[in-house]
Amino acid sequence: MKSTKHIAVIGTGTIGMMLGGLLANAGYDITVISMFRKDVVNTIRQQGITIQQADQTISASVRSIFIDEILPEERFDLMFVTVRSNETESVMEAVKPYLAQNGIVCSLQNGLNDETIGRIVGRNSVIPCICFTGGQSRQTGYVITHDGYFIIGEIDGSTSDRLKELANILGCVKRVEISDNIMAARWRKMAEVCLTVPVACVSGYSLFSHFDDSLVQRVFGKSAVEVLNVQSACGFPHGYIMGLSADEWNQLANGDVPELQDKFLAATEAKRQKKSDDSGTGKLTLTDAYTGDIKRGRELEIGYINGYVIRKGEENELRMPYNKKIMSMVLEISNGTRLAERNNLVELCELT
């Protein structure tokens with residue numbers, strides 16, 4: 001039997017529209033809420049949401065409202081949060097009054113925002129979700145998406161009835177895996193973002209391109225070692241980032257190691273092919289999120305991704321020179337005092 005839950009999707013980017021459209025198409029009671037874009041709300045009201053995936057196109061009528069149009073008596077049983085990390089606190093404060101008693105908040109964001117959300121709505125109301133899917137939106141209300149999956153889990157590692165119900169709901173969008181160590185899995189995803197997005201931004205390369213460039217590999221290695229050390233200090237043992245362990249990344253950080261370079265390229269081949277398909281050109285031409293936000297004049301999310309890792313590292317008295325430097329470079333590119341070019345990778349590799 002279909003859930004009768006009143007569900008909010010907060011955010012109208014690619015993930016928000018994908019969730020809203022596919023869940024509405026599956027028969028769920030969906031409201032898409034925009035925090036900042038009334039023009040997006042109006043377009044979705046008039047045209048609905050269209051999702052192109054694989055060999056089919058799905059169109060759905062979806063209730064779409066601006067934050068100040070939520071009815072005073074309205075309560076949502078489930079909220080999916082898809083806004084950028086830097087918007088989390090203000091967004092959650094705004095929607096907190098509309099979360100039902102025993103309601104659930106599920107964040108599909110990059111970064112570790114579950115702590116912030118839990119502080120506002122209560123830790124027991126939070127179920128983290130790691131999103132390994134996406135796509136692009138070339139016009140409002142129209143999303144091109146690809147195969148992928150979600151990982152969800154209770155923070156305490158239990159397999160609860162509400163977790164199973166959430167898996168059924170999200171299963172109408174993409175495949176769902178349940179984890180008994182969701183925060184360790186969250187760290188793995190954030191680590192990948194810490195490496196790939198800022199390196200694309202400072203180098204001027206397209207996202208996920210030039211992985212065969214030895215400078216890219218060395219910078220990845222230097223950043224990965226720091227991230228994995230912080231992860232371990234926070235209570236989550238060293239895992240793998242894009243197919244390599246901390247020891248293997250440390251070797252790559254200090255010079256070319258052909259067998260590890262081959263292992264890294266093999267481990268990331270499927271994802272690079274997927275990104276190539278996303279571009280619609282068969283080539284890796286996607287713009288990273290930070291470069292896209294710089295072009296739009298938007299506040300960057302990096303302070304909640306690499307910045308979070310830096311803060312946790314300093315709390316644990318760990319040195320974080322590479323993540324600090326690459327974050328500084330991204331901010332300099334944002335304010336126009338540095339160019340995005342390959343020489344920035346040379347500068348990063350020269351850090352000690």
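Axes are taken here as lines fitted to C-alpha atoms, for helices over the stretch in contact, with angles running from 0 to 180 degrees between N-to-C directions. On this basis, in the predicted model examined here, H6 and helix H10 (residues 289-296) pack at about 50°, and their axes lie 7 Å apart. Since angles between 35 and 65 degrees belong to neither the parallel nor the perpendicular class, H6 and H10 are therefore oblique to each other. The contact is formed by Val-197, Pro-198 and Cys-201 on the side of H6, which meet Ala-289, Tyr-290, Thr-291 and Ile-294 of H10. By class, six nonpolar residues and one polar residue take part in the contact of H6 with H10, and no charged residue does.

When neighbours within four places in sequence are left aside, Phe-220 is in contact with Leu-195, Thr-196, Val-199, Phe-211, Met-242, Trp-249 and Phe-264.

Five strands form an open sheet in the order E5-E2-E1-E6-E7, and their pairing is parallel. Strand E5 (63-66) and strand E7 (99-107) are the edge strands, each of them pairing on one side only. From one strand to the next, the twist averages 25°. Strand E2 (residues 29-34) runs parallel to E5 and is joined to E5 by four bridges, and Ile-33 stands opposite Ile-65 in E5.

Ile-33 is also among the residues touched by Thr-12, which is placed in the loop between strand E1 (6-10) and helix H1 (14-25). With residues up to four places away in sequence not counted, the contacts of Thr-12 are Met-17, Val-32, Ile-33, Ser-34, Val-40 and Ile-44. Thr-12 counts as buried because its relative accessibility is 16%, under the limit of 20%.

Ile-117, in helix H4 (residues 114-121), is likewise buried, with a relative accessible area of 0%. Apart from neighbours within four places in sequence, Ile-117 is in contact with Thr-88, Met-92, Val-105, Ser-107, Gln-109, Gly-122 and Val-126. Ile-117 and Lys-189 are 72 residues apart along the chain, and their C-alpha atoms are separated by 18 Å.

His-210, which is not a glycine, has a positive phi of about 60° and lies in the loop between helix H6 (182-203) and helix H7 (214-233). Its relative accessibility of 37% is the reason why His-210 counts as partly exposed. Glu-317, also a residue other than glycine, has a positive phi near 60° and is found in the loop between helix H11 (306-315) and helix H12 (321-334). Glu-317 is exposed, because its relative accessible area of 75% is over the limit of 50%.

Terms used
Residues are numbered from 1 along each chain as its sequence is written. This is a predicted model: local features need pLDDT of at least 70, side-chain atom pairs count only at pLDDT 80 or more; totals for chains, interfaces and linings use all residues. Side-chain values use heavy atoms; hydrogens and water are left out. Helices (H or I, at least four residues) and strands (E, at least two) are DSSP runs, numbered from the N terminus. Buried means under 20% relative accessible area, exposed over 50%, partly exposed in between (1.4 Å probe, protein chains only). Angles under 35 degrees count as roughly parallel, over 145 as roughly antiparallel, 65 to 115 as roughly perpendicular and the rest as oblique. Contact means heavy atoms within 4.5 Å. Ala, Val, Leu, Ile, Met, Phe, Trp, Tyr, Cys and Pro count as nonpolar, Asp, Glu, Lys and Arg as charged, and the others, Gly among them, as polar. Two strands pair if DSSP finds at least two bridges between them.
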